[in-house]
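Trainee: I would like to go through this model by asking about its interface, its surface and one of its helices. Where do we start?

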Amino acid sequence: METLYLILIDPFVQMVDEPSFLVEVLIGGLTSGVMYSLVALGFVLIFKASGIFNFAQGIFVLFAALNFVGLMDLGVHPILAFVITIGIMTALAFAVDRLVLRPLVNQDPIILFMATIGIAFFLEGFGETLWGGDVRPVQVGIPDAALFWELGFGEILVQSADLFAGVIAAFLVTVLALFFHFTPVGRALRAVADDHQAALSVGIPLNNIWVIVWAVAGFVALAAGIMWGAKLGVQFALSTIALKALPVLILGGFTSIPGAIVGGLIVGAGEKLFENFWGVPLLGGATEDWFAYIVAMIFLFFRPQGLFGEKIIERV
Amino acid sequence: MLYREAGQFKTSYSADQAMLTIPLDRWFVFALTAFAVIGVPLLASEYLMVSILVPVLILSIAALGLNILTGYCGQLSLGTGAFMAAGAYLAYKIATNITWLPIWVVIPLAGLCAAAIGIAFGLPSLRIKGFYLAVATLAAQFFLLWLFVKVPWFVNDSISGVPPAPPRSVFGFQVTGAAAGNEAKYLFVLAFVIALAWIARNLARSRIGRSWMAIRDMDIAAELVGIRPLPTKLSAFAISSFYCGVAGALWALCYINSVEPTAFDINRSFQVLFMVIVGGLGSVLGSFLGAAFIFLLPIFLNSAPGWIGYSVASDTITHIEFMLFGVLIIFFLIVEPHGLARLWQIAKEKLRLWPFPY
């Protein structure tokens, strides 16, 4: 009875008792969720267009941020560094398409997945060789101050950088949505996502589309990398954090952009709430490591297509 | 010239169904085994035996395990490290609590426990496949390691959380722990390797192995010809986890001499996956070749610059190692998806026709 009370009732009593703590935890969770969302967004873009599950997306984030920071440390103006990094990510997309994807065309998805693990390892080593393995702070003028907000039940602490990240993410998603709906390239991308053969038959060049979609994913990775870097510094631990985008995808659905966003927010908020109200008092903490994966696994049992996934996963 | 298939007539079914039908192959395997058992302990240096052969052999067992799951049954797993950890922690727990149990029983028992855990995490594979399953195995990786670190029961409430391996003996020779003799350790590990490799090879060509391969190649067709996916997949998970558990137990007790979580983190899972890809998906020989290759490559990279008179910073070596692993993976997937084992086979086929190819 005692244990049941501790698990089922007590955390909620605490939440009601200290609403400002609850709100702070929630905001902290949502902001880290934004980061997961941005990584997951890159996954979804590539998965939709080419059916490839790009394990290297997390490394893309890191690699883009490393290049950006490295260039800035060399004295390049941030905007110029941003443009150059986009160029690098496009070149990378091109190289991946020519050197990895094209020779492996028509292989099992699982083979392609393992190939992207190879890409991930290569880029990790390459990035470190180029720019070194130190933690680098990003200074792009993102305001970083602690704000105190007065709410009805008390005062809460908010980092302005977190708010900024949220705004950028919302902006990015809007831009991408507009891009997908109103530009010829965006329409072509959606057509390819729906049906490769039909897209080919109306004259959409599949090869170029793949390069474009990988480049767009690279751009999203850069945005995610800069924000993540501004928060934590650009460091190689980012790649493990980025692995969490995988459960986010399962939650949100592999083919849905809104799913990636909502999934990221749910995972971010959920793991922080679980850690603070159940993990630390009952389980000894550090539950953030696995919470997202276990939730994803439970989801796989009951709703394998995720919250927003359109297509039912092939059952076995 | 010596290696000929032609003229090798069989007069009985059992000869026809033998594991190695060509006599030269058979003698080669027997000779290699005999050399490994007798020759190596007499000839090899201490460093070669303890620091290279023991870990390579243990990782071969893990690679065999993953190969059963990924190579034969087609279910991708990124949780190898966690199943190895399960074997290691439970072997420690069993060995320290049931002290009268001989160590050669403890390790397979720990493997069985790992198999049970493997079945639990393999359950989602009944509904999903491909990379969805990879995420489920990642759950095993992170959750199990967390569990072993956070629950002191597994390490008998050891204060440091990293208890030393309990010293245990077989036939009066100590085989586990830091004080064990090199030869004893090596032979103990080798015994497991020989037994498990033999079992794996026979499993792969028996009914169960064939049903794994059928599920891998096309699950719907396999179901149509009467293979039940549920027992087939779960048996692959169970046997694979058993192998990984045994490998983890040996790794902790015979190689690093302590039970520590960092030895079984996600990098270990990737390392074993690379062994399987480079060695050859769906090949017993490939598991050994891959394990040796992936384990020795960093050692080679570290010492190679010294041989030609260069000195390179060790972190540069690590970066190059990462890049090389990535390139190798992609290279093998593109050029030779069946890995080193397939190259070996091609060499044998060439040799068969030598010196008069068509």
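Mentor: We start with a definition: a salt bridge is a side-chain nitrogen of Lys or Arg within 4 Å of a carboxyl oxygen of Asp or Glu. Keep in mind that this is a predicted model.

Trainee: How many salt bridges are there between chain A and chain B?

Mentor: The contact draws 47 residues from chain A and 39 residues from chain B. Between chain A and chain B, the count of salt bridges is zero.

Trainee: What area do chain A and chain B bury between them?

Mentor: The size of an interface is often given as the accessible area lost when the parts come together. Here 81% of that area lies on carbon and sulfur atoms. For chain A and chain B, the buried area is about 4,200 Å².

Trainee: Which element gives the largest share of the nonpolar patch?

Mentor: The patch covers about 730 Å², and its residues include L4(A), I9(A), V13(A) and L283(A). Two elements of chain A, α1 (2–17) and α12 (257–283), each give two or more residues to it. The largest share, seven residues, comes from α1(A).

Trainee: Is I9(A) buried, partly exposed or exposed?

Mentor: I9(A) sits in helix α1 of chain A. Buried means under 20% relative accessible area and exposed means over 50%. I9(A) has 44% relative accessibility, so it counts as partly exposed.

Trainee: How many residues of α11(B) are buried?

Mentor: Helix α11 of chain B runs over residues 266–279 and reaches 20 Å from its first C-alpha to its last. Just after α11(B), G280(B) takes a positive phi of about 140°. α11(B) is mostly covered, and of its 14 residues the number buried is 13.

Notes:
Residues numbered from 1 in each chain as written. Chains lettered and ligands numbered in written order. Predicted model: local features only at pLDDT ≥ 70, side-chain atom pairs only at ≥ 80, totals over all residues. Heavy atoms only, no water. Patch = residues over 30% accessible without salt bridge, like charges linked within 9 Å, V, L, I, M, F, W, Y side chains within 5 Å. Areas by Shrake-Rupley, 256 points an atom, 1.4 Å probe, with all protein chains shown as cover. Helix = DSSP H or I, 4+ residues; strand = E, 2+ residues; numbered from the N terminus. Buried < 20%, exposed > 50% of the residue type's maximum accessible area, 1.4 Å probe, protein only. Expected span 1.5 Å × (residues − 1). Contact = heavy atoms within 4.5 Å. Buried area = accessible area lost by both parts, 1.4 Å probe.
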